[in-house]
Amino acid sequence: MTKGNTCQSPAARTQSRGPASRGLGRVRQAAKRDKHLQFTALFHHLTPQLLCESFYALERQAAAGVDGVTWDSYKANLGENLGALHARLHQGRYRTQPLRRVYIPKADGTQRPLGIACLEDKIVQQAVVSVLSAIYEGDFVGFSYGFRPGRGPHDALEALAVGLVKQKGWWVLDADIQQFYDTLDRHWLRRFLQHRIGEKRLLRLINKWLEIDIIDDGQKTKPTCGIAQGLVIGPLMANLYRHYVFDLWSHAWRKKRASGDVIITRFADDIVLGFQYQQEAAQFMDELAERLGAFGLTLHPVKTRLIEFGRFAAERRQQRGQGKPETFEFLGFVHICSQRHRDQRFTVKRRTVKKRMRKQLQAIKATLMRRRHDPVPHLGAWLRRVVQGHYNYYGVPGNMQSLKSFQVQVERYWFRAIRRRSQRDRMPWSRFRSLAKRWIPKPRIVHPSPDARFDARHLR
């Protein structure tokens, strides 16, 4: 009290928990202790401090919503802005603003609609995500990896690779939910929320974001189903929906219906399962389609496949005269049946998906041609960040060939861009090699082998 900091929340007990308050810590403990407990008093956790933490957790360079307020402009008067926002929340005067819809291209040539929310809506949504995560992180199953704190795509990749090598995953079901965000049933989502959340004010707040208006090319619309992509709270709501529709059901199916090994890995709406028996895999796929249909969802007819995989796939297909085993894609990598050189034991080789690497290279090429008159140090520093970011994600064991191909193509595009700076520019390749050696990092494997890091994190 003598230091005047009695209004501040105590520090987190561990670094991994971040700046969460002690109140949310008690919520987390209660949720973990009783899986059927319904929380009826959560709104008071939306404190000015949590709103401030949520503000700094947002992307600072993100595009502005329909009100035009940016992160920097809001920060200029942060104390008063957050105080007014907190007052409106607890006095019932908070109103959501429409989303501004934009479209981004997808890898298959189509466009993905995204909704850009206003900054204050993002702040409140991030605060609500912090409150709800304290409850649902203890409920979510272990094979769910997408959009969860402390988990990333490489955790899912490692779990899948270790499962396919160490267990009997001889048939792989590569499943994809078609247009999940657009077909999600809001009625079921509200019912799922009410299993754990009994705070009516918080439920009304979430319902405002589910039924938010969208401004598309000057026209205001109100979708009647699904949830808008781009909301800060969207990934958590999607995980919650998939938790009740797929995770709990598939986990129970594996324990009660399967007689062989079943491996499950899910990242968002990308699902990969490994089965020991083909009959059980086909049965699961049929029942999964029926299960999803009961909740308004469907499996993608093209992206959903059942293929033969595992340590015996190559031998069995060769006996039938069918050639090499089929491959499947998951989180930007092509998964291939292979053998280790030192002992010829089965392993899963992962290579960068060609269409993803081609798309990134085309984007780099276009940027280099547009910025070819920039100073070489500026362009080289930008290229270093881009190339190193590529290595940081795709630098997994066994993918060195794809990393080298990426480096070679980037160097070629930069060399052509430099020579296009002027009609008289005749930079020799020998001189350019010194520039490439200085600015473009060499490819290297960043991540350890899947079993090394997976075994370290899961000691059992």
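Buried means under 20% relative accessible area. The model shown in these views is predicted.

**View 1. Phe-192 and Phe-295 form a tilted aromatic pair.** By the pairing rule, the count comes to 27 aromatic pairs. In this one, the ring centres of Phe-192 and Phe-295 lie 6.0 Å apart. Their planes meet at 45 degrees, so the pair is tilted. Phe-192 belongs to helix H8 (residues 186-196). Phe-295 sits in the loop between helix H11 (278-293) and strand S8 (305-308). The pair therefore ties together parts that are 103 residues apart in sequence. Phe-295 has a relative accessible area of 9% and is buried. Phe-192, at 5%, also counts as buried.

**View 2. Trp-429 and Phe-432 pair within helix H16.** This aromatic pair is tilted too, with 5.3 Å from centre to centre and 45 degrees between the planes. Both residues lie in H16 (residues 429-439), three residues apart. That separates them by about one helical turn. Trp-429 is partly exposed, at 37%.

**View 3. Seven aromatic residues make up one cluster.** The members are Phe-180, Tyr-181, Trp-188, Phe-192, Tyr-241, Tyr-244 and Phe-295. The cluster takes in Phe-192 and Phe-295 of View 1. Arg-242 lies over the face of Phe-180, 4.5 Å from the ring centre.

**View 4. Arg-316 lies over the face of Trp-170.** The distance to the ring centre is 5.5 Å.

**View 5. Strand S6 is largely enclosed by the rest of the structure.** Six of the six residues of S6 (residues 262-267) are buried. In a regular strand, side chains alternate between the two faces of the sheet. Here Val-262, Ile-264 and Arg-266 point one way. Ile-263, Thr-265 and Phe-267 point the other way. S6 pairs with strand S7 (residues 270-275) in the antiparallel sense, over six bridges. Ile-263 stands opposite Gly-274 in S7. The hairpin of S6 and S7 has two residues between the strands, and Ala-268 takes a positive phi near 60 degrees.

**View 6. Helix H6 is largely enclosed by the rest of the structure.** H6 (residues 153-166) has 14 residues. At 1.5 Å a residue, H6 should span 20 Å. Its end C-alpha atoms are 20 Å apart, which agrees. Eleven of the 14 residues are buried. Among them are His-154, Asp-155, Glu-158 and Leu-164.

Technical notes: Residues numbered from 1 in each chain as written. Predicted model: local features only at pLDDT ≥ 70, side-chain atom pairs only at ≥ 80, totals over all residues. Heavy atoms only, no water. Helix = DSSP H or I, 4+ residues; strand = E, 2+ residues; numbered from the N terminus. Expected span 1.5 Å × (residues − 1). Buried < 20%, exposed > 50% of the residue type's maximum accessible area, 1.4 Å probe, protein only. Phe/Tyr/Trp six-rings, centres within 6.5 Å; stacked < 30°, edge-to-face > 60°. Lys NZ or Arg CZ within 6 Å of the ring centre and 35° of its normal. Pairing = 2+ DSSP bridges.
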